[in-house]
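Reader: I'm new to reading structures, and a whole one is a bit much for me. Could you pick one spot, look at it closely, and then walk me inwards from there?

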Amino acid sequence: MQQQGEHTINTDLESVWQALNNPAILEASIPGCESFEQIDAENLKASVRAEVGPVNAVFQVTLALSNVQAPNRYRLNGEVKGGAGVAKGHADVDLEPLPDSPNGASTRLVYKVEASVGGKLAQIGSRLIDGAAKKMADDFFASFSEACMQDNHEQDGASADVATAETAAAQQ
(Lines give C-alpha, C1' and ligand atoms only; values in the text may rest on other atoms or scores of the structure.)
Protein backbone atom coordinates (compact mmCIF):
# COMPACT_ATOMS: atom_id res chain seq x y z
CA MET A 1 0.00 0.00 0.00
CA GLN A 2 1.24 3.46 -0.86
CA GLN A 3 -0.31 6.73 0.15
CA GLN A 4 0.74 10.34 0.07
CA GLY A 5 -0.79 13.64 0.94
CA GLU A 6 -0.24 17.26 1.71
CA HIS A 7 -1.92 19.47 4.31
CA THR A 8 -1.58 23.15 5.15
CA ILE A 9 -1.73 23.83 8.87
CA ASN A 10 -2.45 27.42 9.83
CA THR A 11 0.30 27.85 12.37
CA ASP A 12 4.06 28.25 12.30
CA LEU A 13 6.57 25.47 11.60
CA GLU A 14 7.94 25.25 15.15
CA SER A 15 4.43 24.86 16.61
CA VAL A 16 3.60 22.08 14.14
CA TRP A 17 6.89 20.31 14.94
CA GLN A 18 6.18 20.55 18.68
CA ALA A 19 2.67 19.16 18.14
CA LEU A 20 4.01 16.25 16.07
CA ASN A 21 6.17 15.39 19.07
CA ASN A 22 3.48 15.87 21.72
CA PRO A 23 1.93 12.53 22.79
CA ALA A 24 -1.22 14.20 24.18
CA ILE A 25 -1.94 16.01 20.90
CA LEU A 26 -1.23 12.87 18.86
CA GLU A 27 -3.48 10.73 21.08
CA ALA A 28 -6.31 13.24 20.74
CA SER A 29 -5.83 13.47 16.96
CA ILE A 30 -5.57 9.78 16.00
CA PRO A 31 -9.02 8.39 15.19
CA GLY A 32 -9.90 5.49 17.50
CA CYS A 33 -6.81 5.95 19.68
CA GLU A 34 -7.36 4.27 23.04
CA SER A 35 -3.85 4.89 24.42
CA PHE A 36 -0.63 6.55 23.33
CA GLU A 37 2.68 6.37 25.15
CA GLN A 38 6.13 7.78 24.48
CA ILE A 39 8.66 5.11 25.47
CA ASP A 40 11.73 7.30 24.87
CA ALA A 41 12.82 10.08 22.49
CA GLU A 42 12.49 7.85 19.40
CA ASN A 43 9.96 5.15 20.33
CA LEU A 44 6.21 5.28 20.80
CA LYS A 45 3.41 2.79 21.23
CA ALA A 46 -0.33 3.07 20.87
CA SER A 47 -3.52 1.09 20.94
CA VAL A 48 -5.96 2.04 18.18
CA ARG A 49 -9.45 0.77 17.38
CA ALA A 50 -10.04 0.81 13.65
CA GLU A 51 -12.75 -0.33 11.28
CA VAL A 52 -11.61 -1.56 7.89
CA GLY A 53 -14.52 -2.87 5.86
CA PRO A 54 -16.13 -5.66 7.89
CA VAL A 55 -13.22 -5.82 10.36
CA ASN A 56 -13.45 -3.83 13.59
CA ALA A 57 -10.48 -4.51 15.86
CA VAL A 58 -7.99 -3.03 18.30
CA PHE A 59 -4.46 -2.83 16.95
CA GLN A 60 -1.22 -2.49 18.90
CA VAL A 61 1.06 -0.01 17.17
CA THR A 62 4.79 0.47 17.71
CA LEU A 63 6.51 3.44 16.13
CA ALA A 64 10.14 4.48 15.89
CA LEU A 65 11.44 7.82 14.65
CA SER A 66 14.50 7.91 12.42
CA ASN A 67 16.24 10.39 10.15
CA VAL A 68 15.10 13.19 12.49
CA GLN A 69 16.03 16.62 11.15
CA ALA A 70 14.19 18.95 13.53
CA PRO A 71 12.05 20.88 12.78
CA ASN A 72 11.76 19.88 9.13
CA ARG A 73 11.46 16.12 8.72
CA TYR A 74 11.56 12.62 10.06
CA ARG A 75 10.77 9.05 9.11
CA LEU A 76 8.22 7.16 11.18
CA ASN A 77 8.75 3.40 11.06
CA GLY A 78 5.76 1.42 12.25
CA GLU A 79 4.45 -2.02 12.97
CA VAL A 80 0.78 -2.82 13.61
CA LYS A 81 -0.50 -6.05 15.13
CA GLY A 82 -4.01 -7.16 15.97
CA GLY A 83 -6.38 -10.09 15.75
CA ALA A 84 -7.34 -8.92 12.27
CA GLY A 85 -3.88 -8.81 10.79
CA VAL A 86 -0.55 -7.09 10.68
CA ALA A 87 1.03 -4.19 8.85
CA LYS A 88 4.54 -2.87 8.60
CA GLY A 89 5.89 0.19 6.88
CA HIS A 90 7.14 3.72 7.15
CA ALA A 91 6.01 7.29 6.60
CA ASP A 92 8.25 10.17 5.58
CA VAL A 93 7.01 13.47 7.02
CA ASP A 94 8.31 16.81 5.72
CA LEU A 95 7.42 20.27 7.01
CA GLU A 96 7.88 23.52 5.10
CA PRO A 97 7.12 27.03 6.37
CA LEU A 98 4.69 29.10 4.32
CA PRO A 99 5.33 32.62 5.66
CA ASP A 100 3.42 34.38 2.86
CA SER A 101 0.13 32.58 3.53
CA PRO A 102 -3.05 34.68 3.87
CA ASN A 103 -3.41 33.74 7.57
CA GLY A 104 0.14 34.70 8.53
CA ALA A 105 2.62 31.91 9.19
CA SER A 106 1.40 28.51 8.00
CA THR A 107 3.11 25.18 7.50
CA ARG A 108 2.86 22.67 4.67
CA LEU A 109 3.04 19.06 5.88
CA VAL A 110 3.78 16.47 3.18
CA TYR A 111 3.74 12.73 3.91
CA LYS A 112 4.48 9.58 1.94
CA VAL A 113 3.57 6.15 3.31
CA GLU A 114 4.68 2.73 2.16
CA ALA A 115 3.25 -0.27 3.99
CA SER A 116 2.55 -3.95 3.56
CA VAL A 117 -0.47 -5.66 5.08
CA GLY A 118 -1.02 -9.30 6.05
CA GLY A 119 -3.60 -11.52 7.76
CA LYS A 120 -7.35 -10.88 7.56
CA LEU A 121 -6.66 -7.29 6.55
CA ALA A 122 -4.89 -8.45 3.40
CA GLN A 123 -7.87 -10.66 2.51
CA ILE A 124 -10.25 -7.68 2.61
CA GLY A 125 -8.73 -6.13 -0.46
CA SER A 126 -6.52 -3.19 -1.17
CA ARG A 127 -9.35 -0.88 -2.23
CA LEU A 128 -11.04 -1.12 1.19
CA ILE A 129 -7.73 -0.80 3.03
CA ASP A 130 -6.68 2.23 0.97
CA GLY A 131 -10.07 3.88 1.55
CA ALA A 132 -9.94 3.27 5.31
CA ALA A 133 -6.34 4.54 5.49
CA LYS A 134 -7.25 7.69 3.52
CA LYS A 135 -10.22 8.39 5.78
CA MET A 136 -8.11 7.89 8.93
CA ALA A 137 -5.43 10.23 7.53
CA ASP A 138 -8.00 12.90 6.64
CA ASP A 139 -9.63 12.62 10.09
CA PHE A 140 -6.22 12.75 11.78
CA PHE A 141 -5.13 15.90 9.92
CA ALA A 142 -8.43 17.67 10.57
CA SER A 143 -8.09 17.01 14.32
CA PHE A 144 -4.34 17.64 14.33
CA SER A 145 -4.68 20.99 12.53
CA GLU A 146 -7.32 22.11 15.01
CA ALA A 147 -5.17 20.98 17.96
CA CYS A 148 -2.13 22.83 16.57
CA MET A 149 -4.05 26.07 16.23
CA GLN A 150 -5.64 25.68 19.67
CA ASP A 151 -2.28 24.88 21.29
CA ASN A 152 -0.70 27.87 19.53
CA HIS A 153 -3.48 30.20 20.77
CA GLU A 154 -3.08 28.86 24.32
CA GLN A 155 0.68 29.52 24.17
CA ASP A 156 0.04 33.04 22.83
CA GLY A 157 -2.40 33.61 25.69
CA ALA A 158 0.10 32.33 28.25
CA SER A 159 2.80 34.60 26.78
CA ALA A 160 0.41 37.56 26.99
CA ASP A 161 -0.42 36.66 30.61
CA VAL A 162 3.31 36.52 31.49
CA ALA A 163 3.94 39.84 29.73
CA THR A 164 0.99 41.45 31.58
CA ALA A 165 2.24 40.10 34.93
CA GLU A 166 5.78 41.33 34.21
CA THR A 167 4.45 44.79 33.26
CA ALA A 168 2.33 44.94 36.43
CA ALA A 169 5.31 43.90 38.59
CA ALA A 170 7.55 46.51 36.94
CA GLN A 171 4.97 49.26 37.61
CA GLN A 172 4.89 48.47 41.34
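Author: Let's start at Asn56: if you skip its neighbours within four places in sequence, Asn56 is in contact (heavy atoms within 4.5 Å) with Arg49, Ala50 and Glu51. Before going on, keep in mind that this is a predicted model, where local features need pLDDT of at least 70, side-chain atom pairs count only at pLDDT 80 or more, and totals for chains, interfaces and linings use all residues. Residues are numbered from 1 along each chain as its sequence is written, and side-chain values use heavy atoms, with hydrogens and water left out.

Asn56 sits in strand S4, residues 55–69; strands (E, at least two residues) and helices (H or I, at least four) are DSSP runs numbered from the N terminus. Its relative accessibility is 45%, so Asn56 counts as partly exposed; under 20% would be buried and over 50% exposed, using a 1.4 Å probe and protein chains only. Ala84 is 28 residues away along the chain, yet the C-alpha atoms of Asn56 and Ala84 are separated by 8.1 Å.

Now head inside. The largest nonpolar core has 30 residues, and Val16, Leu20, Leu95, Leu109 and Phe144 have the most contacts within it. Such a core is a set of buried Ala, Val, Leu, Ile, Met, Phe, Trp, Tyr and Cys residues joined through side-chain atoms within 4.5 Å. Strand S4, where we began, is one of the elements that each supply at least two residues of this core, while helix H4 gives the largest share, six residues. There's another core apart from this one, with ten residues, among them Ala50, Phe59, Ile129 and Ala132. Ala50, remember, is one of the contacts of Asn56.

What about the rings? Phe, Tyr and Trp rings (for Trp, the six-membered ring) pair if their centres lie within 6.5 Å; planes under 30 degrees apart are stacked, over 60 edge-to-face, and the rest tilted. That rule gives four aromatic pairs. One of them is Trp17 with Tyr74, edge-to-face at 5.5 Å centre to centre and 65 degrees between the planes. Trp17 belongs to helix H1 and Tyr74 to strand S5 (residues 73–82), so this pair ties together parts 57 residues apart in sequence. Trp17 is buried at 9% relative accessible area, and Tyr74 is buried at 6%. Then there's Tyr111 with Phe141, a stacked pair: 5.2 Å between centres, 25 degrees between planes. Tyr111 is in strand S7 and Phe141 in helix H4, 30 residues apart. Together with Phe140 and Phe144, they form one aromatic cluster.
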